[in-house]
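These are my notebook entries on one structure. I set down what I looked up and what each search returned.

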Amino acid sequence: KEIFFTLNGKPVSAEVDVSSTLLDVLREQFELTGTKEGCGVGECGACTVLVNGLSINSCLMPILEVESADVVTVEGLADEHGHLDPVQEAFIQHGAVQCGFCTPGMVMSAKALLMENPHPTEDQLRAGIAGNLCRCTGYIQIVEAIKAVTEPTGD
């Protein structure tokens, strides 16, 4: 079946197997490999992307549910000039990556949280990324990175 949707700001179409997930199509057809498959059952958050502004586990989303939707992957956060999103920049500046496997999903969950609530409390921030597992950082640098994005810059 052919489906049509917006991917990282551009209209796209794809011939899909109706049993495919969004994760399968992103990685295999569009070669957007930033979105990772960790557990495949929606427990780890490595596959998190934004669909119509909401964070979702792409490993669980049937591809047919993406028809006419707006999908953003970690590759779509940078602007047209290649400048990284403030969340991505903060992850780099605060050393919020180690092995990097969870990073795309963590960044996307943080982005969704901040789109909904630009100034979350630390408890709200932690709840916003609770669906993302990291085995390396202990979350301290990740929380600090996201907090840095919420703080006024003084500009």
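**Entry 1: a side-chain contact**

Which side chain does Asn 117 join in a polar contact of 3.2 Å? I found that the partner is the side chain of Gln 124. By polar contact I mean a pair of N or O atoms within 3.5 Å, where, within protein, one must be able to donate a hydrogen and the other to accept it, and residues adjacent in sequence count only if both atoms are side-chain atoms.

I note the basis of these entries: the model is predicted, local features need pLDDT of at least 70, side-chain atom pairs count only at pLDDT 80 or more, and totals for chains, interfaces and linings use all residues. Residues are numbered from 1 along each chain as its sequence is written, and side-chain values use heavy atoms, with hydrogens and water left out.

I placed Asn 117 in the loop between helix 3 and helix 4 (122-128). Helices (H or I, at least four residues) and strands (E, at least two) are DSSP runs, numbered from the N terminus. Asn 117 has a relative accessible area of 22% and is therefore partly exposed. For this term, buried means under 20% relative accessible area, exposed over 50%, and partly exposed in between (1.4 Å probe, protein chains only). I also checked Asn 117 against Glu 67: the two are 50 residues apart in sequence, and their C-alpha atoms are 27 Å apart in space.

**Entry 2: helix 3**

I turned to helix 3, residues 103-116. At 1.5 Å a residue, its 14 residues should span 20 Å, and the end C-alpha atoms are 20 Å apart, which agrees. The expected span is 1.5 Å times one less than the number of residues.

Eleven of the 14 residues are buried, so helix 3 is largely enclosed by the rest of the structure. Among the buried residues are Thr 103, Pro 104, Met 106, Leu 113 and Leu 114. Their cover includes strand 3, strand 4, strand 5, helix 2 (86-93), helix 4 and helix 5 (140-150).

I looked at Thr 103 separately. Its relative accessibility is 14%, so Thr 103 counts as buried. Leaving aside residues up to four places away in sequence, Thr 103 touches Phe 91, Ala 96 and Val 97, contact meaning heavy atoms within 4.5 Å.

Strand 3 pairs antiparallel with strand 4 (residues 54-57) over four bridges and antiparallel with strand 5 (residues 70-72) over two bridges. Two strands pair if DSSP finds at least two bridges between them. Val 51 stands opposite Leu 54 in strand 4 and opposite Val 71 in strand 5.

**Entry 3: positive phi**

Most residues other than glycine have a negative phi, and most peptide bonds are trans. Strand 3 and strand 4 form a hairpin with two residues between them, and Asn 52 in the turn has a positive phi of about 55°. At 52% relative accessibility, Asn 52 counts as exposed. Ser 68, in the loop between strand 4 and strand 5, has phi near 70°. Ser 68 is exposed as well, at 65%.

**Entry 4: the aromatic pair**

How many aromatic pairs does a search of the whole structure find? The search returned one. The ring centres of Phe 5 and Phe 30 are 5.9 Å apart and the planes stand at 80°, so the pair is edge-to-face. Rings of Phe, Tyr and Trp (its six-membered ring) pair if their centres lie within 6.5 Å; planes under 30 degrees apart count as stacked, over 60 as edge-to-face and the rest as tilted.

Phe 5 is buried at 3%, whereas Phe 30 is partly exposed at 22%. The bridge partner of Phe 5 in strand 2 is Val 12.

**Entry 5: cysteines**

I searched the whole structure for disulfides and found zero, a disulfide being a pair of cysteine sulfur atoms within 2.5 Å. The sulfur of Cys 44 has its closest cysteine sulfur in Cys 39, at 3.8 Å, too far for a bond. For Cys 134 the closest is in Cys 102, at 3.7 Å, again too far. Cys 44 is buried at 16%, and Cys 134 is buried at 12%.
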